[in-house]
Amino acid sequence: MAGLWPGRAKSAAVSVTAANARADEMKASAAGPLFVLETLGRPVWTPRDYEAFAREGFMQNAIVYRAVRMISEAAASVPLLLYEGDAEHDHHPLLDLLARPSLDQTGADFLEAWYGYLLVSGNAYVEAVALEGRIRELHALRPDRMKVVPGAEGWPEAYEYTCAGRTVRFEEEPVAGVRPILHVRLFHPVHDHYGMSPIEAAAQAIDIHNTAGRWNKALLDNSARPSGALVYGGADGRMTAEQFERLKAELEDGFQGPRRAGRPLLLEGGLDWKPLSLSPKDMDFIAARNGAAREIALAFGVPPMLLGIPGDNTYSNYQEAQRAFWRSSVLPLVMRTAKALSSWLAPAWEAGRGKASHDPGRGQDRLELRPDLDQIEALSGEREALWARVEKVSFLTLNEKRAAVGYAPLAETVSSAPATRKHSE
């Protein structure tokens, strides 16, 4: 437990006297014992249905599909730079690992799968594979196959991955200081171990959108118009059972389905066809479908304008919507991922340099991944405006201007500073 979760609180179930007697005891959370579950030591299944989210949401809803693809592809396209303090590493084994995390995936493929799992399920899991004391591969695992195993203190002590009737337990560190599984989850207000998917928040809107689409498809299959009524105008106003069954069979065989749409009815024996129509009020399902689409886009943080959804286009132009999309949806996700990967993988190389990888206060010279914001084309206008404002300032030196836009000072003017390309923005 101590090796898998360094820095986690020890059991808070000790008495006050014992705690005072042990001067070297680690700091602990007073709420720690409250996390202990009744199913202690057993896997805790996620209370949500990932398969339903994947099928009804991502696989059968164009708005969800496009929103997830837009965010995941945009986030995966942002290059990650590696820094040690203020010095940038142009070449490093960690960069090589992220560029080619496995034999069948590139770095973009790996990150796109990572972001996709996170958006669909609210949870993303990555396995670190080591060989001869070095991390060689990273694998994004399906969230529906992973289970959290809480320990005696309520914190996860292991993970179990189940597939094809076999279960693998991840507990031992592949490299000193590196957990076998990195679990990143979106905030969930009522669950301790699993995150909440945006699809869950938009579930009702997705149902409305999908149901309206099925209704429209059924309407098209029925000659793109609602059914009518056959009125029998016989003397007694009633048909015999034999006449009713014969008429029903003839209608089903000769007039139902898209291939038979538009065929004329041949009526006899006092039958009269009364077509039915939909009023404008009944046709509001189209507006309801567009409203549901906007609600789905809201849950994912994608401006409706970028998804081609009519109405509620609050942005004056497409470029403004793009900037809002990157600033409010993509970049927070990229920043969070960069920090999570840094905290997880950096100890594998820091331990080799004699650093205390478990000490959170080890200084500013730790390895850290940062996104390269200069490579984002959608933000080029903001960057050019910043450069123009800084260039016009007369009371700043050259290196002060470089620092203001995120670049390191020139090496020849500051000999003690390493030559670096840029700082984090």
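Strand S1 (residues 80-84) pairs with S2 over three bridges, in the antiparallel sense. The model is predicted. Within this pairing, Leu82 stands opposite His89 in S2. The two strands belong to an open sheet of three strands, ordered S2-S1-S11, with antiparallel pairing. Which strands stand at the edges? They are strand S2 (87-89) and strand S11 (367-371). Each has a single partner strand, so one side of each is left without a neighbour in the sheet. The twist from one strand to the next averages 40°. Helix H10 lies across S1 and S11 and runs at about 165° to S11.

A second open sheet also has three strands, in the order S4-S3-S8. Its pairing is antiparallel. Strand S4 (134-141) and strand S8 (181-185) are the edge strands, and each pairs on one side only. Neighbouring strands here are turned by 20° against each other on average, direction ignored. Strand S3 (residues 123-131) and S8 share five bridges in the antiparallel sense.

Helix H5 (residues 107-121) lies across S3, S4 and S8. Its direction is at about 145° to S3. H10 touches S3, S4 and S8 as well, and its direction makes about 155° with that of S8. The helix-to-strand angles are collected here.

| Helix | Strand | Angle |
|---|---|---|
| H10 | S11 | about 165° |
| H5 | S3 | about 145° |
| H10 | S8 | about 155° |

Next comes the nonpolar interior. In soluble globular proteins, nonpolar side chains tend to be buried together. The largest nonpolar core of this model has 70 residues. Leu138 and Phe300 have the most contacts inside it. Which helix gives the largest share of this core? H10 (residues 318-345) does, with 12 residues. A second, separate core has nine residues, including Tyr125, Leu141, Val148 and Tyr161.

Leaving out residues up to four places away in sequence, Phe300 touches Val64, Ala67, Val68 and Ile71, among others.

Helix H2 (residues 50-59) has a buried set made up of Tyr50, Phe53, Ala54 and Gly57. Why do these buried residues line one face of the helix? Seen down the axis of H2, they fall within an arc of 110°, so they line one face. An α-helix has 3.6 residues a turn, so residues three or four places apart point the same way. The N-terminal end of H2 is capped by Asp49. A side-chain oxygen of Asp49 lies 3.2 Å from the backbone nitrogen of Glu51.

Glu173 sits in the loop between strand S7 (166-170) and S8. Is Glu173 buried, partly exposed or exposed? Its relative accessible area is 25%, so Glu173 counts as partly exposed; the buried class would need a value under 20%. A polar atom of the Glu173 side chain lies 3.2 Å from the backbone nitrogen of Gly177. Glu173 and Ala130 are 43 residues apart in sequence, with a C-alpha to C-alpha separation of 9.4 Å in space. Ala130 falls within S3, residues 123-131.

How values were computed. Residues are numbered from 1 along each chain as its sequence is written. This is a predicted model: local features need pLDDT of at least 70, side-chain atom pairs count only at pLDDT 80 or more; totals for chains, interfaces and linings use all residues. Side-chain values use heavy atoms; hydrogens and water are left out. A nonpolar core is a set of buried Ala, Val, Leu, Ile, Met, Phe, Trp, Tyr and Cys residues joined through side-chain atoms within 4.5 Å. Buried means under 20% relative accessible area, exposed over 50%, partly exposed in between (1.4 Å probe, protein chains only). Helices (H or I, at least four residues) and strands (E, at least two) are DSSP runs, numbered from the N terminus. Contact means heavy atoms within 4.5 Å. Two strands pair if DSSP finds at least two bridges between them. Axes are lines fitted to C-alpha atoms, for helices over the stretch in contact, and angles run from 0 to 180 degrees between N-to-C directions. The arc is that of the directions from the helix axis to the C-beta atoms. A polar contact is a pair of N or O atoms within 3.5 Å; within protein, one must be able to donate a hydrogen and the other to accept it, and residues adjacent in sequence count only if both atoms are side-chain atoms.
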